[in-house]
Amino acid sequence: MIQRAKAAINGIVQGVGFRPFIYQLAKKKGLGGYIANTSTGVDIEVEGETEEIEIFFQEIHLRKPPLARIVHVEWQYLPPRRYRDFIIKKSQVQAQRSTLVSPDVSVCDDCLREMNDPRDRRYRYPFINCTNCGPRYTIIKDIPYDRDKTSMASFSMCERCRNEYEEPLDRRFHAQPNACWDCGPSVYLHEYNGKPVDGADPVSETRELLKSGKIVAIKGLGGFHLTQPMERRSNDSGGERIGRKSP
Ligand SMILES: [Zn+2]
Ligand SMILES: [Zn+2]
């Protein structure tokens with residue numbers, strides 16, 4: 001029997017690859033319907049054989065993405081609407097805001113592999129990320145979690161990044177902070193007085209500065225991190241500094 005099921009799922013279900021996961025699962029089961037981020041989590045409608053729908057909901061729990069946490073699922077059967085396809089709908093903004101937001105997640109093995117591969121277009125790109133890793137909490141300004149509600153909104157994706165973002169089988173499908181050397185944030189080095197340090201690779205240069213005993217303020221996505229070599233921490237004898245020290 002063909003039925004339609006409507007579900008509201010609450011928990012950490014935004015910014016963790018939940019929509020692409022549901023999309024692929026529904027496609028695999030031949031179910032029509034949609035998924036959308038809401039201010040309280042995600043809304044899902046699926047339509048198909050009762051048995052497939054029940055398996056679909058079981059598999060959500062069994063196979064959900066590693067960073068997803070399901071707190072509450074509410075679902076019910078409704079008369080079918082003859083959905084032809086399964087789609088990811090535009091997020092629904094509601095007055096009530098109660099979804100959980102994922103913390104920032106350190107770089108995953110797949111991204112590390114790309115970052116260290118000289119043939120990869122993100123070779124040594126410091127802001128590499130994907131659906132399973134990267135910044136979340138520190139870039140989110142509001143929910144539902146979509147790029148236009150993050151500090152990445154001002155970086156418009158290049159064609160290649162956009163293609164990854166829009167391709168359901170890509171591991172960066174709907175990865176909101178998706179970026180590369182051509183379109184994303186860049187890294188640069190300034191002296192303490194704001195004078196740019198030209199020519200050098202900022203990351204290698206920073207490493208050299210730290211090795212030579214300098215203090216460097218590294219601006220990340222969530223603020224500044226003051227760094228100095230371990231051996232200097234107990235013995236702060238001053239010297240030339242490139243970053244500002246906290247008062
Ligand atoms: Zn990753
Ligand atoms: Zn790009």
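Tutor: We'll take the confidence, the sheet, the helices and the metal sites in turn.

Student: What is the mean pLDDT of the protein chain?
Tutor: This is a predicted model. The mean pLDDT of the protein chain is 88. Of its residues, 92% reach 70 or more.

Student: Which elements have the lowest and the highest mean pLDDT?
Tutor: Helix H6, residues 230-233, has the lowest, at 61. H3 has the highest, at 97.

Student: And where does pLDDT stay under 50?
Tutor: Over residues 237-247. For that stretch the model has 21 contacts beyond four places in sequence.

Student: Okay, the sheet. What is the order of its five strands?
Tutor: The order is E4-E1-E3-E2-E5. The sheet is open, and its pairing is mixed.

Student: Which strands stand at the edges?
Tutor: E4 (69-78) and E5 (86-88). Each has a single partner strand, so one side of each is left without a neighbour in the sheet.

Student: How are neighbouring strands turned against each other?
Tutor: By 15° on average, with direction ignored.

Student: In which sense do E1 and E3 pair, parallel or antiparallel?
Tutor: Antiparallel. E1 covers residues 2-12 and E3 covers residues 41-49, and eight bridges join them. Look for Ala 7, which stands opposite Ile 44 in E3.

Student: Now helices. What does H1 lie across?
Tutor: H1, residues 18-28, lies across E1, E2, E3, E4 and E5. H1 runs at about 170° to E5.

Student: And what does H2 lie across?
Tutor: H2, residues 50-63, lies across E1, E3 and E4. Its angle to E3 is about 150°.

Student: What follows H1?
Tutor: Gly 30 does, and its phi is positive, near 70°.

Student: Switching to metals. What coordinates the zinc ion that is ligand 1?
Tutor: Cys 108, Cys 111, Cys 130 and Cys 133, each through SG, at 2.3 Å.

Student: Why is the arrangement tetrahedral?
Tutor: Because the four donor atoms subtend angles of 104 to 118°. The ideal angle for four tetrahedral donors is 109.5 degrees.

Student: What spacing do those donors follow along the chain?
Tutor: C-x2-C-x18-C-x2-C. Cys 108 sits in the loop between E5 and H3 (109-115), and Cys 130 in the loop between H3 and H4. That pair is 22 residues apart and links distant parts of the chain.

Student: Is Cys 108 buried or exposed?
Tutor: Buried, because its relative accessibility is 15% and the cut-off is under 20%. Cys 130 also counts as buried, at 1%.

Student: Now ligand 2. Which residues are the protein donors of that zinc ion?
Tutor: Cys 158, Cys 161, Cys 180 and Cys 183, through SG, lying 2.3 Å from the ion. The site is tetrahedral, with angles of 105 to 115° among the four donor atoms.

Student: What spacing here?
Tutor: C-x2-C-x18-C-x2-C. Cys 161 lies in helix H4 (159-166), and Cys 183 in the loop between H4 and H5 (202-211). They are 22 residues apart.

Student: Are Cys 161 and Cys 183 buried or exposed?
Tutor: Cys 161 is buried, at 0% relative accessibility. Cys 183 is buried too, with a relative accessible area of 10%.

Definitions and conventions. Residues are numbered from 1 along each chain as its sequence is written. Chains are lettered from A and ligands numbered from 1 in the order in which they are written. This is a predicted model: local features need pLDDT of at least 70, side-chain atom pairs count only at pLDDT 80 or more; totals for chains, interfaces and linings use all residues. Side-chain values use heavy atoms; hydrogens and water are left out. Donors are N, O and S atoms within 2.8 Å of the metal (3.2 Å for Na, K and Ca); water is not among the atoms, so sites may look incomplete. Four donors count as tetrahedral if all angles lie between 85 and 135 degrees; four count as square planar and six as octahedral if opposite donors are over 155 degrees apart and all others between 65 and 115; anything else is irregular. Helices (H or I, at least four residues) and strands (E, at least two) are DSSP runs, numbered from the N terminus. Buried means under 20% relative accessible area, exposed over 50%, partly exposed in between (1.4 Å probe, protein chains only). Two strands pair if DSSP finds at least two bridges between them. Axes are lines fitted to C-alpha atoms, for helices over the stretch in contact, and angles run from 0 to 180 degrees between N-to-C directions. Contact means heavy atoms within 4.5 Å. pLDDT is the predictor's confidence in each residue, from 0 to 100.
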